[in-house]
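Work through the exercises below with the sequence and the structure open. Try each task before reading its solution.

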Amino acid sequence: MTNEATSAVLCVRDLHGWYGDSHVLHAVSFDVRPGQLVTLLGRNGAGKSTTLKAMMGLLDKRRGSILFRGKETIAAQANQIARQGLAYCPEDRGIFATLSVEENLRLPPKIRDGGMGIEAIYRLFPNLKDRAKSVGTKLSGGEQQMLAIARILRTGADTLLLDEPTEGLAPVIVKQIGAVIRELKGLGYTILLVEQNIKFAAKVADQHYVLENGRVVEHIPHAAHADEVRGIANYLHA
Amino acid sequence: MLMASPVKTPVAAKAADARRRQILAWGLGIAVLAVFPFMVYPLFAMKVLCFALFACSFNLLFGFAGLLSFGHAAYFGIASYVTAESAKYWGLTPELSILAGTAVAIVLGAAFGWLAIRRQGIYFSMITLALAQMVFFFCLQAEFTGGEDGIQSVPRGDLFGVIPLGSHMAMYYFVMVVFLIGFLIIYRTINSPFGQVLRAVRDNDIKATSLGIKTRHVKLAAFVISAGVAGLGGATKALVFQLASLTDVSWQASGEAVLMTVLGGAGTLTGPVVGALIVTGMQQYLAQFGSWVTIIQGAIFVVCVLAFRRGIVGELDRIAHLPTVWRRRRAERRFTPAPRPTTDF
Amino acid sequence: MHNLMDTLSNLSIDAFMGQLMLGLINGAFYAMLSLGLALIFGMLNIVNFVHGAQYMLGAMLAWILLQTLGINYWVSLLLAPFIVGAFGLLLERFVLRRVYALDPAYGLLLTFGIALLLEGSFRQKLGSSGQPYAIPAELRGGWDLGFMYMPTYRAWVLIASITICFAVWYVFERTRLGSYLRAATEKPQLVRAFGIDVSKMINLTYGLGVALAAVAGVLAAPIYQVSPLMGSNIIIVVFAVVVIGGLGSMSGAIVSGFLVGFVEGLTKVFYPAASSTVVFVLMACVLLVKPAGLFGRRA
């Protein structure tokens, strides 16, 4: 366990979280190793998004341990965590209505070298180039999701937290996003993915964790097994 | 042998208890009010009561409806002017001139309230302040208000045409009755189904609307009642001091109602009265020190907002209920099941 | 109507334009102050009631600096906003920050209290009456334009205020820094998650808004008397301007400010008794027709 722990990019142990007085996360623990794609699965309200928020420092109150590259971030501010190389793509995509697409794209500052340049981003997401001057919120759902992922790639962050990127999107767009995510994985990004779409998650993930009522209830270390995936799907739809 | 008397249920006993306590509280309050003019100058006592009505009316909106009406002096002041005018130039007896003043305050409250409620939150407050300033400038320039001098030498007259109110003591007991009427109106508004609806709107406007409550109508009704009681206070004050002046419609006066309520305890019944007593007393003592009153008022605002939001009565309430809270917490701890098998005996 | 015909027949172009110019000057101050309020409200979600007092502080500081240290107008124009702005930075950092989580009403009450503190303190030391502040020598006199006489100082105020308003608007709407401010106004938590210290941004924005008020104060000193009451007199009018224009828009604040000043000037010509109330009547009309404000984005 210790070997795995020290080599993990993200090491979460006994994480408790609160929204105000509401205790929403209970002793959540998991690891994400470098270059891996790990998913947090679960029903609505299971605490998946809350876990991502906790890791990004956006939760009211946290207790426990979150090690990012060996550094404790449980008490750090969100902007400090971001500057260490963690990037966040929220569930509602977080596109700014008062900014154009290009301004949205250029907003997150460079925290280190190694981020994608503007040209590389436009190559990965060609339709964003055409819409550069439009108001951010005038894009379609799929385009907004692309924008949300695109802009955190410029910062130089190498660990991504993606919250339900395929939510509410048409199957053909979901396929595109799957392709993007696979390409990002190929480029060496470490990704923690929250998803309700099991089939999508199964296609891209190395490991699954299943959450329910703010607790980790299942861990599937080798995600490719079809039976296990079916099992989770049944369990979640029960 | 069985007793023939009916067994009192615990709920009924508790209700009877509460009613007894209420009657006791009212009795005590009235007793204190009755001896008040013997403890302080009657004129001061009357001033406190008029401002207490003013503060209570503000509290109805701020503490119970969640509406920060920052221009409440408009109703207080305009009633003061109308009463002064009607008593001095139309020869109305005190109860009629006060009614006249209150009526005008109610009409103004309906108009301004309707306008202000078109916006939510902080905009509402800014609108009420601006509308009150409009009233201020109107009173500054209109002929009947006497401009900077105001309306002076207002006769107190004879109550119902028979009881002379010239003496401060006689006037005090009249003011005390008026205060009790106004306070009772507030009390009945708060402790009624309407009061519950009002609190619901305060706590969650959207939720209240989804429950079918016409929040705009509710807010407007509360606004009109509040303006009326404020007017009652202002109208009475004009007869007490036999003067209506611009200070009664100034934004400083509006600020004072807020100060009294926040200091005494917004959302409590007696908080504004306590606040009125303290603030009026402070003004009386510090009047000789010029602008120190303003400075201290500002300091009280800052301290209250930062560290003392419950106000005096609110804090006293909380302290009084602490034993109950402790008892409940102890009970909860006692009844938490221990992780042991039940068949260990 | 009879009065109106009288007025029109007695009207000279000179007087008419002169009055309009005065109105526009007032409008310039309304614009600068409501711009500052809009900036602060956008980032902090607080109605900065003490804005009027900070405007007064700017003027007071200019007067005090001149009286005690002989520091002239031009230096004060830079120094006063700097000092008052610094005071604003401290105020936000140590006092205002504590009420962000509360109902916005408390922000209004807190800043109201601070305004009382400031105004009361100055009134205690200096009394309520106004002190004159001399127009700097370079800006005295004026030009005869034929249809009116244009005092140099007033032309300066117009130019300076329009420039300042435009500069602030431009930075906010068209620059990269502005995009950060706009983003932080919209979704502060997400901007934090991008690595930006939003708290520091909020702090600096408040300081800037306060400095804006102070600059307006220095500009105002030679025109209106420098008095401890000048802040509270103007802040309530600015509130009405802000309701008319809507707090959500920078350009709305600027345009509404000048518009109200212009209307005030017009009213002074045709119906002088109403000139102090016309802004509130205008506000009432806007509320009837377009409750969100003329340029309102947030209802």
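A salt bridge is a side-chain nitrogen of Lys or Arg within 4 Å of a carboxyl oxygen of Asp or Glu. The model used here is a predicted one.

**Exercise 1. Salt bridges**

Task: state how many salt bridges the whole structure has, then examine the pair Glu143(A) and Arg131(A).

Solution. 
Step 1. Over all chains, the search of the whole structure gives 18 salt bridges. Side chains of opposite charge can pair when their charged atoms come close.
Step 2. For Glu143(A) and Arg131(A), the closest N and O atoms are 3.5 Å apart. The cut-off is 4 Å, and the pair is a salt bridge.
Step 3. Now place the two residues. Glu143(A) belongs to helix α7 of chain A, residues 141-153, while Arg131(A) sits in the loop between α6 (126-130) and α7, so the pair ties together parts that are 12 residues apart in sequence.

**Exercise 2. Which chains touch?**

Task: find which of the 2 touching pairs of chains has the most contacts, and say how far apart the closest C-alpha atoms of chain A and chain B lie.

Solution. 
Step 1. Chains B and C have the most contacts among the 2 pairs that touch.
Step 2. Chain A and chain B are joined by no contact, and their closest C-alpha atoms are 16 Å apart.
Step 3. Between chain A and chain C, 22 residues of chain A meet 18 residues of chain C.

**Exercise 3. The interface of chains A and C**

Task: describe the area buried between chain A and chain C and the salt bridge across their interface.

Solution. 
Step 1. About 1700 Å² is buried here, and carbon and sulfur atoms give 61% of that area. On the side of chain A, Asn79(A), Phe96(A) and Leu107(A) lose the most area to chain C, together 30% of what that side buries.
Step 2. The interface has 1 salt bridge. Arg182(C) forms a salt bridge with Glu103(A), with the closest N and O atoms 3.0 Å apart.
Step 3. α3 (78-83), α4 (101-106) and α7 of chain A each give two or more residues to the side that touches chain C. The largest share, 4 residues, comes from α3(A).

**Exercise 4. The interface of chains B and C**

Task: describe the contact of chain B with chain C by residues, buried area and salt bridges.

Solution. 
Step 1. The contact takes in 38 residues of chain B and 46 residues of chain C.
Step 2. The buried area is about 3800 Å², with 79% from carbon and sulfur atoms.
Step 3. On the side of chain B, α4 (94-116), α5, α10 and α12 each supply at least two residues. α5(B) gives the most, with 13 residues. By class, this side has 26 nonpolar, 9 polar and 3 charged residues.

**Exercise 5. The largest pocket**

Task: give the volume of the largest pocket and describe its lining.

Solution. 
Step 1. The volume is about 1200 Å³.
Step 2. The lining has 29 residues, and those nearest the centre include Trp26(B) and Phe183(B).
Step 3. α1(B) provides the largest share of the lining, 12 residues.
Step 4. Sorted by class, the lining has 22 nonpolar, 5 polar and 2 charged residues.

Terms used
Residues are numbered from 1 along each chain as its sequence is written. Chains are lettered from A and ligands numbered from 1 in the order in which they are written. This is a predicted model: local features need pLDDT of at least 70, side-chain atom pairs count only at pLDDT 80 or more; totals for chains, interfaces and linings use all residues. Side-chain values use heavy atoms; hydrogens and water are left out. On a 1 Å grid over the protein atoms alone, a cavity is a set of points where a 1.4 Å probe fits but cannot get out, and a pocket is an open set with protein on both sides within 12 Å along at least five of seven lines; lining residues have an atom within 4 Å of a point. Grid points are joined across faces, edges and corners, and a volume is the space filled by probe spheres set on the points. Ala, Val, Leu, Ile, Met, Phe, Trp, Tyr, Cys and Pro count as nonpolar, Asp, Glu, Lys and Arg as charged, and the others, Gly among them, as polar. Contact means heavy atoms within 4.5 Å. Buried area is the accessible area (1.4 Å probe) that two parts lose on being put together, summed over both.
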